[in-house]
Amino acid sequence: MAHTGSRKKARQRSRHSSARTPKYVYAFANGKAEGSSALRNLLGGKGCELAEMTKLGVPVPPGFTITTEAWAAYNAAGKKHPPGLWSQVTAGLAGLEAAAGTRLGDPARPLLVSVRSGARASMPGMMDTVLNLGLNDRTVEGLAQRTKNERFAWDCYRRFITLFGDVVLAIDRRAFDVRLDAAKARAGVKTDADLPAGALRELVTEFKSVVQSQTGRPFPQDPLEQLRLAIDAVFDSWWAKKAVDYRRIHRLPEDWGTAVTVMAMVFGNVGPTSGTGVCFSRDPASGERRFFGEFLVNAQGEDVVAGIRTPEPIDALKTRMPAVYRKLTAIKDRLEAHYRDMQDIEFTVQEGRLYILQTRSGKRTAAAAVRIAVEMSTKERRVDRDTALLRVEPASLHQLLVKTVDPRAKYAAIARGLPATPAAAVGKVVFEPERAVDMALREEKVILVRTETSPEDVAGMHAAQGVLTSRGGLTSHAAVVARGWGKCCVVGAGDVVVDEENHLFRAGRAVVREGQVITLNGATGEVIVGTQPLVDPTFSDEFKTLLGWARDRATTRVRANADTPADATKAREFGAEGIGLVRTEHMFFGEERIPIVREMIMAGDLQARKKAVDQLLPFQREDFIGIFRAMAPHPVTIRLLDPPLHEFLPKYKEVLEEYTRLDARGFNPERHAELGLVKARLEALLEANPMLGHRGCRLGITFPEIYDMQVRAIMEAACEVAGEGLTVEPEIMIPLTGTVAEMKLTREMTDRVARQVISETGKNVRYAVGTMIEVPRAALVADRIAEHAEFFSFGTNDLTQMTYGYSRDDIGKFLPFYLEKKLLPHDPFAVLDQRGVGELMRIGIERGRRTVPGLKVGICGEHGGEPSSVEFCHRIGMTYVSCSPYMVPVAWLAAAQAEIKEGEAQSKAGRQWQGEAQPKASRANMQSRHRRSKSAR
Ligand code: PEP
Ligand code: MG
C-alpha cells in the first residue's frame, strides 16, 4: 500500500515521542476505549460519549478523537499542527483500520471516514463535519464493486466533493447545487435519490472541474491529505461566524475549542434495509416518557436535515425493521439508565445492522425539563432531589409563566431589539399611550410603539399587550416597568424608526401603519408583521413540586418587586416571601392622582404643597393596605419617593410647543397662563443630569412633607391591617443614600412620624428603617450607615450606572458595539458585574455586618432575578434577592442551585483536607449562612 511504511514509522515515532508530547489522540473500537464521559472537556461531548458507549458495549463504529488540547496547541502555533499531532493521528488511523478491517485509500476495499466536530457543550449545527472522506477516482470504483451498487458509490463521491468543497475548500455550495439541479432537469427527475449512476458519475466530473477552477488545484486525491485538510477545517470551524455568535448568545467561553472525531463511516443509504434517524428517550416537548423520534429509510443523515424527504415516526420502524427497533429500544433504555437523563441519540442502520453515532443529553423545552427532572426523582427514583434541581435551567422557567410564540411558527422578522421579557404579544400598532388606553377599553389588543417610554406612558403601557421601543437598554424605563408586569416588551430595536406624526414606523423597507397587526416575540426580540400563534403558560404539578423543593433548599430567600396589591397577589402566587421593593412613585401616576401630584409640584409655598400632599395620603394608604393584606405575614419594603419631580410633569418640549402656539394665536388665555406656570416650574426644575440630581433622599430632605406623608400613609395602613389581626412587617426604605448624615436625618424624620402614628392609633406595629445601597460611596461607608439603618437593599441598577458611569437609559447607543468588540462580556444592567459592582456589594455587606452582625441585606435591582447574579448574591451572603413577580420561580431555582453547588464545593474541599480541621473560610461561611436563613424567615 502507498503509505503502509510511513504509517508504521508514524506509529513508532508516536510511541517514541509520547513521553514528550501530550496525548492528543484517544481511540475507541470494539468494546475498548481510551476515554470516557469523565473526559468531556478534553474529548468534547461527542468524543467522550462515543468512548463511553463503546465501553458499554453499544455498537459504535470504530474511531478516534483528537483532543481540545490539540486544538489549543494548533491555534497557539498559528494554525499549525503541534509536534507529534500528525504522527498520533496516523497511529490512530492505523488502529481504526485494524478495527474496521479495511484501509483508507485501499482501492479494493476502501475505508471511508467521517470527520466531526465536538465541543464540550453541544453547539448544534454551528461547526462543521465532513462525511465520506477517503473517496477518490480509484476508491469510488472499489466501493461500487464491493457494495455491488454503482449508484451508491457515485452518490457518496458527489456528496463528499460537495461537503469537502464547502467546508474545507471554502467553495460556495451553490456552485455545486446549481449543477445538481441541472443534472436533475436533464435526467427529468425530481429528487437526488432518483438520479441514475451515470448522471452522478458525470456530476462528479463537473464537481471536480468546479474545484479546479475555484481553487486552481485539482480535487485532492490522496486520502491522507484529505484527512489532514478536513481536520484543520473542523478545528477552524470553531471560529465560524455562526459558532462565534452562538457562543456569545449562550455565554460559552471562546477558549474551550473543539475536539475532532474521526470515525468509520456507516451507510444508511445502501438500500431498503438501511436508514438513518434521530430519537429521544422521552418526548423533548412534553417530557412524557415515551420513545420519540424519526427515521428515513435508505438515506444519509444530511437528507434528514435538508428536509428533502419527510421522515417517518420512529414507531414505523417497528413494522419495517422489527429486530432493529427492538435493539434500538433496548439501547435507548440502557443509555438513559446509564446517564440518568433523557438522551438524544443518532443512529444509522446499514443493511440491517444498527450503529449508534452519538448520544447526548437531549435538548428539551422548559416544561419537559421540569417534568423529566421531577419524575426521575419521584416516581422513578433515579436521581436525588438536588440532581433534579440542577437539571433545570433557571432562566428557562420563565417560558412557563408567560404566553410565548408557538415554537413551530415560521416567519421572517422585520426588526430585532433586546428581549426585555420572554412574553410574546400580538396586537394593533399604536403610537400614543392615550390611544392605547382608549382602544384597550374597546377591548382591542394593541402594541404600543414608542421611541422610548417615560413614566407618563405607564397607563398606555399597561393597557397594551406589548411595548416596542426603538431606543433604550434592558433597564430602560420600558423594560423595567414591563418586566414588573411580566408584559411583553422589546426595547432598543434600532432598525425601527418611529414617525409619530404620520402614524407609522419603518423597519428597513417595511412600513407599518397605525392599526396594522404585529407580533412581538419577547423571547428573541423579533418584530413580525401579522399574527403569529401564541401558546399559553403551563403550571404543571411537577412545576409546583420543583418550586417547593427549591424553596426548601434555598438559604438565600426570594422576594418580589411589586407596586400594587394585584402585583403583590401575583408575587405570592409565584412564591415570593415578601416584597423587596415597592416603588412608591408608580402609585403617583393613577388618573386621579397625577393632577394632585402636579399640584404638589407646582405649589408656590409650603402651605399649598402640604395641602396637595395631604390629598395624596388616602390614596397611598389604600395602596399600602392592599399590599400589606396580600403579603401578610411577610415583610414589605416600601421605598420613599425616588425620581426627580420633573418626571411627573408633562414633557417640556410639548408644553413649550403648545405654549408658543397659543402665544402666536392669542386665544385661550386661561390655558396659556396655566401653561406659562408649568413652563416656568419645568424650567426651575430643569437639571443637566437629573439621574445624578435632585432625587432620592435629596428630594425627601429638601421637601420633608412628601416623605412625612408617605411614612404616615405606610404606618396608618400597617396599623389598620394589624387591627384586622394580620401580621404586618413594614420596612421603610430610604433611596439613594450616599452619606451617613443623610441616613441619620431621614431615619430621625421617619421615626418621628412613625411613632406619632403608633401613639395616635395605639397599635404597636413593629417597623424597620433601612436604606438602598446604590451610590458607591454608601457601600464604602456601610459600617457607619449601618449605625442608623436596620437593613440594606442593593439597588444595582443605579449602583451599576454609577460604578461604570454608564447611563441606564443611554447605554443602548454603544452597548452593541462594546459587546461585538468584546469590550464588555454582557450588558451590565442585565448580568451583574461581579468584579466591579459585585466587589462594592461585598464590601458593603462586610462593612455593614461589622457594625450589625447578621444585618439583613437584599438586592432589588433588575439583577435580582438573573440566575448568575442570584448565585453571586448567595455567595456574598445576601439574605434575600428581590425581582419582578414573574422572575420569582427563576430566582428560587437559582438560589437553590447556588446552595447545592456551594455544598458540593465545600464537601470537595473537605475531602481534600482529609479529616483535618475544616478550612476557616468555609466555617465562617456556614455561620453566616445560618444567620441568614434565620433572619430571612
Ligand atoms: C436600583 O437602582 O437598582 C433600583 C432598584 O431603583 P430604581 O431602578 O427604581 O432606580
Ligand atoms: Mg435606584
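This note comments on a metal site, one threonine, a pocket and a cavity in a predicted model.

1. The metal site. The magnesium ion (ligand 2) is coordinated by two side chains, those of Glu774 through OE and Asp798 through OD, at 2.0 to 2.2 Å. These two residues link distant parts of the chain, being 24 residues apart. Glu774 belongs to the loop between strand 31 (768-773) and helix 28 (776-780), whereas Asp798 sits in helix 30 (residues 796-804).

2. Are the two coordinating residues buried or exposed? Glu774 has a relative accessible area of 1% and is therefore buried, since buried means under 20% relative accessible area. Asp798, at 2% relative accessibility, also counts as buried.

3. Thr348 and its surroundings. Thr348 is part of strand 12 (residues 343-350). With a relative accessible area of 4%, Thr348 is buried. The side chain of Thr348 makes a polar contact of 3.2 Å with the side chain of Thr276. When neighbours within four places in sequence are left aside, the residues in contact with Thr348 are Val266, Phe267, Gly268, Gly275, Thr276, Arg353, Leu354, Tyr355 and Leu357.

4. The space in the second largest pocket is about 550 Å³. Its lining consists of 26 residues, and those nearest the centre are Pro62, Ala100, Ala264, Val266 and Tyr355. By class, 16 of the lining residues are nonpolar, 6 are polar and 4 are charged.

5. Rolling a probe the size of a water molecule over the atoms shows where empty space is left. The count comes to 3 cavities of 30 Å³ or more. The second largest cavity holds about 40 Å³ of space. Which residues line the second largest cavity? The lining is formed by Met600, Ile601, Ala603, Arg609, Leu645, Arg681, Phe703 and Ile706. This lining divides into 6 nonpolar and 2 charged residues, with no polar ones.

Terms used:
Residues are numbered from 1 along each chain as its sequence is written. Chains are lettered from A and ligands numbered from 1 in the order in which they are written. This is a predicted model: local features need pLDDT of at least 70, side-chain atom pairs count only at pLDDT 80 or more; totals for chains, interfaces and linings use all residues. Side-chain values use heavy atoms; hydrogens and water are left out. Donors are N, O and S atoms within 2.8 Å of the metal (3.2 Å for Na, K and Ca); water is not among the atoms, so sites may look incomplete. Helices (H or I, at least four residues) and strands (E, at least two) are DSSP runs, numbered from the N terminus. Buried means under 20% relative accessible area, exposed over 50%, partly exposed in between (1.4 Å probe, protein chains only). A polar contact is a pair of N or O atoms within 3.5 Å; within protein, one must be able to donate a hydrogen and the other to accept it, and residues adjacent in sequence count only if both atoms are side-chain atoms. Contact means heavy atoms within 4.5 Å. On a 1 Å grid over the protein atoms alone, a cavity is a set of points where a 1.4 Å probe fits but cannot get out, and a pocket is an open set with protein on both sides within 12 Å along at least five of seven lines; lining residues have an atom within 4 Å of a point. Grid points are joined across faces, edges and corners, and a volume is the space filled by probe spheres set on the points. Ala, Val, Leu, Ile, Met, Phe, Trp, Tyr, Cys and Pro count as nonpolar, Asp, Glu, Lys and Arg as charged, and the others, Gly among them, as polar.
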